[in-house]
Amino acid sequence: MANWETVVVNTDLLICGGGFSACGAATEAAYWAKKKGLKVTLVDKAAIDRSGAVAMGLSAINQYVGIRDGENTAEDYIRYVRSDLMGISREDLVYNIARHVDSTVHLFEKWGLKIWKDEKGKYVHEGRWQLMINGESYKVIIAEAAKNAIAAAGGEIFERVFIVDPLMDGNKCVGAVGFSTRENKFYVFKAKAVIAGMGGAVHVFRPRSVGEGFGRSWYPPFNSGSSAYFTLKAGAEMTCQEVRFIPVRFKDAYGPVGAWFLLFKSRAISASGGDYMVVRKAELENWKPYGLVKPIPANLRNYLGMLDTEQGLGPLYMETDEAIRNIAAQYKDDPKAFKKKMKELESEAWEDFLDMTISQAILWAAQNLKPEEKHSEIAACEPYFIGSHSGASGAWVSGPEDLPTPYKWGYANMTTAEALFAVGDGSGASSHKFSSGSHAEGRIAGKAAIKYIVEKGKEPKVDMAEVEKLKAKILLPLDLWEKHSKETTDPEINTNYIVPRQFLHRLQKIMDEYAGGVISGFKTSKALCERGLELMGMLKEDSAKSAARNHHELMRVWENNQRVMQAEAHIRSIHFREETRWPGYYFRADKPKMDDANWKCFVNCTCDRKTGEWKMMKKDIWTMPGV
Ligand code: SFD
Ligand code: AMP
C-alpha cells in the first residue's frame, strides 16, 4: 500500500464540505459550540473562499420570502414549491427553510454583500422570490463569516482534503475518512456528529460539451455526488433520486436565464419566431393541476421548448435585444435618457454573467454578440443532481421539531443514520432553497447537531481495523498504477487497470443512452433502465481496477465512484416510479402520463451497508394543514 501518513483528528462536530450549506452550518454551530465548549471541524476538498457552486459568484439570491415587509409568507413558499415540483415536496422542510431564510439574507448584507436597492431603499427584486446582488464575491463573504466563527470557537478548517467514506458504529455515524489532494496524508476524522454538505453531482451524464469543451457545465464540475455517496454508504434513506434537474441555459457557456426571464421580462422563441410558452399552452392541460399554476413549473417550461426542438423548430433563442428595447422604450421621447437607459441595461446584461458565469460573457465576446442587438441561443442542459435548485434528490431527513410532520425521528435535518445530518444539495425533497436557503438549512442543521451532541453525544467508537481497510481500498489506485504502468508503451492503455477519464466516459455513455440523457432526448423506459443497470454492474466491477498516477487522479477515481452511486440510485428510482411526472426533466417513454392515483408519493431508497442490496419504497406525501 502507498506509504501515506495517517492523521487522526478528534472533534465534536464534523462538517464535510465548505459550500453554502456547510458555511451556514459552521457559522451557526460554532456559535453554539463556543457556549458549550465543543469543537467544530470543517473539511473541504478545495479552498472555501471559492469552492462549490458559488465559486464564480452569483448575480441573484433566489430565495427571499420578505416576511418582515409582508411581501409573502412561508406558506406562500410551500405552495410555490409544491406546484413547481409537480406535487412532490417535503412541506415541513420547505416551511422550515422559508421561515428562516430572510434572516440569513439579512446576515449576508451585514457581512458585506451588496444587495441592489431601489430609490426607496427597498431590495430590488428579480422576481417574486429573487433579489438582485453584486455577487462576484458572494462566496468569499460567506466563507469569511464561517471561518471567523470557527476560529472564534477554537475549531479547525481543513482545505484540500477530499472526504470519501463515513465511519460507522452500527447505524451511527462517528466520523469520516478522506485524503489530502496535495500531501501524502490519509485523514481520519472522529466525531460525535457529522454534517454532509458536499453538494450535488454533475458529469454523471455525458455533458453537451465534450472534447475540448469537456468540463464545461452549468453545475460546478467539482461537485461529484460526494453527499449522496456518503449518506448512502452510511445506510441512510434517500429520497427523490429520480428528480434530476435540467436547466435551460444560454447554449454552450451555460449562462443562467433567470435574470432574462424575470428581470428583463424576455421571451424565448423558436427559430421560426414562435413563443413556445404561448404556442404550446394547450399542452399544459395534460399536466393539471400543476400545468395551470403560475409560474409554470420549471420542468414544464423546459418541456414546451423541447417539443419545439423535437419538431425541428430549433435553435431556440432568448430575445435579449427585444427585451432591452422594450424596457428602454419608456424613454423613447427623450434621446439622452434613452441612451443612458440603454447603457445601463447593457451593463446589467453583462454583469449578470460576469458575476456568476464568466465564461458566458467570454463566449458572447468571442462570438461578437451584443445582447442589445442580437438574440442568443438557449438549450436544455444535461441532467444534474441538485436538491437545492429545481431538482429534489438528496437524503431523507428529519423534520422540524415544532411541526406536526409525520417525518420526524429526533433532530432537524438528521438522516435515518444516527448523528449524520444532511444539508443543501445533500438533503432531498426541499427544493428551491438555492444559495440563501441552503445556508439557512445549514444553520438549522448546525444548531440541531450541537443540540444532539449536548444531549446524546458520546465518544465516537471507531474501529481502527476498519479504518485500515478503508485506507487500503482508497489508496489502491496509486498501487495499481505503480505496479503496472510501465508494462505498456502507452501507460493509459493497460489491461490491468482503467484510468479515471476512461471510466468516466463509460459511466456517462451508460447514463446518456440508457437513463435518458441528451442523446436519448431525455427518454428512457423500464427495459432501458434494466439494461443500464446491467452495464452499471459491470462498470462497478471494474471500479476496483481504477488506477491513479498522482493525488489529483486519486481524487478523480473517488469522484467517479461517488458518481456511480448517484447514478445507480437514479436509475433504480426512475425504474421504480412507473409514470412520467416531470416531463422536461425525463420521460418514462413506456409510461408517458402522470399517474396521481398510484404515484403521488415520494420514492425513497436505501443501499444495505453490508450487502450492497438496494431497497426501493414509496412514502406518503404530507401537506401542511391549511395550506
Ligand atoms: O441563477 C467536498 N445557484 C443559485 N442560487 C441562488 O441563490 N442564486 C443564483 O443566482 C443561483 N444560480 C446558480 C446556482 C448554482 C450554480 C452552479 C450556478 C448558478 C452556475 C444555486 C446555489 O449555488 C446552490 O443552491 C448552493 O450553492 C447549494 O449549496 P451546497 O452547500 O449544497 O453546495 P455547494 O455550495 O456547491 O458546496 C459544496 C461544497 O462541498 C465541497 N465538496 N468537500 C470535501 N470532500 C468532498 N468529497 C467534497 N465534494 C464536494 C465543495 O468543494 C464545496 O465547497 S442560478 O443559475 O440559479
Ligand atoms: P435560473 O436562472 O433559471 O436558475 O432561475 C433563477 C430563478 O428564477 C429561479 O428561482 C427560477 O425558478 C426562476 N425562474 C427562471 N425562469 C423563470 C420563469 N420563466 N418563470 C418563473 N420563474 C423563473
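Buried means under 20% relative accessible area, exposed over 50%, and partly exposed in between, with a 1.4 Å probe and protein chains only. Helices (H or I, at least four residues) and strands (E, at least two) are DSSP runs numbered from the N terminus. The model is predicted, and local features need pLDDT of at least 70, side-chain atom pairs count only at pLDDT 80 or more, and totals for chains, interfaces and linings use all residues. Residues are numbered from 1 along each chain as its sequence is written, and side-chain values use heavy atoms, with hydrogens and water left out.

**Stop 1: strand 9**

Select residues 172-180. Nine of the nine residues of this strand, strand 9, are buried, so the rest of the structure largely encloses it.

Asp-169 stands opposite Lys-172 of strand 9. Two residues lie between the strands of this hairpin, where Gly-170 takes a positive phi near 65°.

Now show residues 185-190, strand 10. Strand 9 pairs with strand 10 over five bridges, again in the antiparallel sense. Look for Phe-179 opposite Phe-186 of strand 10. Four residues separate the two strands in their hairpin.

**Stop 2: the second largest pocket**

On a 1 Å grid over the protein atoms alone, a pocket is an open set of points with protein on both sides within 12 Å along at least five of seven lines, a cavity is a set where a 1.4 Å probe fits but cannot get out, and lining residues have an atom within 4 Å of a point. Grid points are joined across faces, edges and corners, and a volume is the space filled by probe spheres set on the points.

The second largest pocket has a volume of about 970 Å³. Select Asp-165, Tyr-229, Lys-233, Lys-473 and Arg-609, the closest to its centre of the 35 lining residues. Strand 8 is among the elements that give two or more residues to this lining, while helix 16 gives the most, with six.

**Stop 3: the cavities**

The structure holds two cavities of 30 Å³ or more. Of its 13 lining residues, Gly-199, Ala-228, Ser-393, Asp-425 and Gln-566 are the closest to its centre.

The second largest cavity also has about 60 Å³. Its lining includes Arg-208, Phe-250 and Cys-381. Strand 13 (248-250) and strand 16 (376-380) each supply at least two residues of this lining.

Methods
Chains are lettered from A and ligands numbered from 1 in the order in which they are written. Two strands pair if DSSP finds at least two bridges between them.
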